[in-house]
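My entries follow in the order in which I made them.

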Amino acid sequence: QKLVSVATGQGAVWVGDETGKAVIRVDPKTNKVVTKIPIEETPNAVAVSKDGVFVSAGPSLIARIDPATNKVAAKEDQNSSYDLAAGFGFVWGTNFLDSNVQRVVPDSMTLTELTQGLGKEPRFVSVGADAVWVLASDGTVLASSVVREVVVADQTAVCTYGTKKNTCDPATAEAAVQKAATELAPLLNTPVSELVPDLTGT
């Protein structure tokens with residue numbers, strides 16, 4: 001039995017079983033296997049969020065498992081991901097063969113490929129510190145390219161950045177955009193003055 005990935009959440013430990021083409025659910029209190037969930041392909045990576053358990057498998061499958069039923073509830077048949085992480089309302093995957101990062105909407109399993117600036121092979125992905133972080137095969141951290149794609153894709157995230165608000169408020173939006181641009185500038189190696197128009201779409 002060859003195990004390839006592990007993630008925690010939804011009250012369980014989830015392990016990718018390459019040999020059995022399955023995801024193993026383990027009870028963390030007893031350390032006992034609860035069930036094995038068959039996957040069509042060989043698992044590569046597992047990630048967990050409030051929306052479910054996500055697994056990339058084989059060359060072309062990303063699936064969502066429903067923890068309530070322990071069954072595959074939805075899947076996306078495109079290029080699979082080498083690694084997965086969940087955060088900011090999405091699931092993120094690295095596709096080193098095509099040098100892109102995949103952003104998946106959990107409910108619909110709609111996949112968008114983010115390619116701007118990703119000239120190297122992305123391997124590992126993690127979410128935290130207000131960004132999506134990607135490690136390339138040569139050891140380069142590729143946070144900047146991914147962050148720009150993420151922020152520009154969500155104008156609400158830009159105009160509410162650091163305000164703890166859910167909607168854009170004209171009274172605080174300008175300052176929020178300036179703060180976002182200031183924090184992104186060193187990651188993107190781009191002047192704040194050039195970032196502000198990008199972030200606001202102007």
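Helices (H or I, at least four residues) and strands (E, at least two) are taken here as DSSP runs, numbered from the N terminus. I note at the start that this is a predicted model, in which local features need pLDDT of at least 70 and side-chain atom pairs count only at pLDDT 80 or more, while totals for chains, interfaces and linings use all residues. Residues are numbered from 1 along each chain as its sequence is written, and side-chain values use heavy atoms, with hydrogens and water left out.

**Entry: loop residues with positive phi**

I looked up N70, which sits in the loop between β7 (61-66) and β8 (71-76). N70 is not a glycine, yet its phi is positive, near 60°. For exposure I used relative accessible area: buried is under 20%, exposed is over 50%, and partly exposed is in between (1.4 Å probe, protein chains only). N70 has 22% and is therefore partly exposed.

I then turned to Q10, in the loop between β1 (3-9) and β2 (12-17). Q10 is no glycine either, and its phi is positive at about 55°. With a relative accessible area of 34%, Q10 is partly exposed.

**Entry: the chain as a whole**

I counted 4 helices and 14 strands in the chain. Of the 202 residues, 43% are buried. Contact means heavy atoms within 4.5 Å. Among contacts with a separation of 6 or more, 33% are between residues 24 or more positions apart.

Is strand β3 (residues 22-27) enclosed or open? I found 5 of its 6 residues buried, so β3 is largely enclosed by the rest of the structure. Two strands pair if DSSP finds at least two bridges between them.

β3 pairs with β2 in the antiparallel sense over 5 bridges, and in this pairing D17 stands opposite A22 of β3. The two strands form a hairpin with 4 residues between them. K21, in that turn, has a positive phi of about 50°.

β3 is also joined to strand β4 (residues 32-38), antiparallel, by 6 bridges. I noted T35 in β4 as the bridge partner of R25. β3 and β4 form a hairpin as well, with 4 residues between them. N31 in its turn has a positive phi of about 60°.

**Entry: the sheet β5 to β8**

I traced an open sheet of 4 strands in the order β5-β6-β7-β8, with antiparallel pairing. Its edge strands are β5 (43-49) and β8, each of which pairs on one side only. Neighbouring strands of this sheet are turned by 25° against each other on average, direction ignored. For such angles, axes are lines fitted to C-alpha atoms, for helices over the stretch in contact, and angles run from 0 to 180 degrees between N-to-C directions.

β5 and strand β6 (residues 52-57) run antiparallel and are joined by 6 bridges. P43 has A57 in β6 as its bridge partner.

**Entry: the sheet β9 to β12**

I traced another open sheet of 4 strands, antiparallel, in the order β9-β10-β11-β12. β9 (84-87) and β12 (111-114) stand at the edges with a single partner strand each, so one side of each has no neighbour in the sheet.

Strand β11 (residues 100-104) pairs with β12 in the antiparallel sense over 4 bridges. V104 stands opposite L111 in β12.

**Entry: D107**

I found D107 in the loop between β11 and β12. D107 counts as exposed because its relative accessibility is 61%. Which residues does D107 touch, not counting residues up to four places away in sequence? I found D51 and R64. D107 and A74 are 33 residues apart in sequence and 8.3 Å apart in space, C-alpha to C-alpha.

**Entry: the second largest pocket**

A pocket here is an open set of points on a 1 Å grid over the protein atoms alone, where a 1.4 Å probe fits, with protein on both sides within 12 Å along at least five of seven lines; lining residues have an atom within 4 Å of a point. Grid points are joined across faces, edges and corners, and a volume is the space filled by probe spheres set on the points.

The second largest pocket holds about 150 Å³ of space. I listed its lining, which includes N44, G58, P59, Y82, F96 and D98. By class, the lining has 4 nonpolar, 7 polar and 1 charged residues. Ala, Val, Leu, Ile, Met, Phe, Trp, Tyr, Cys and Pro count as nonpolar, Asp, Glu, Lys and Arg as charged, and the others, Gly among them, as polar.
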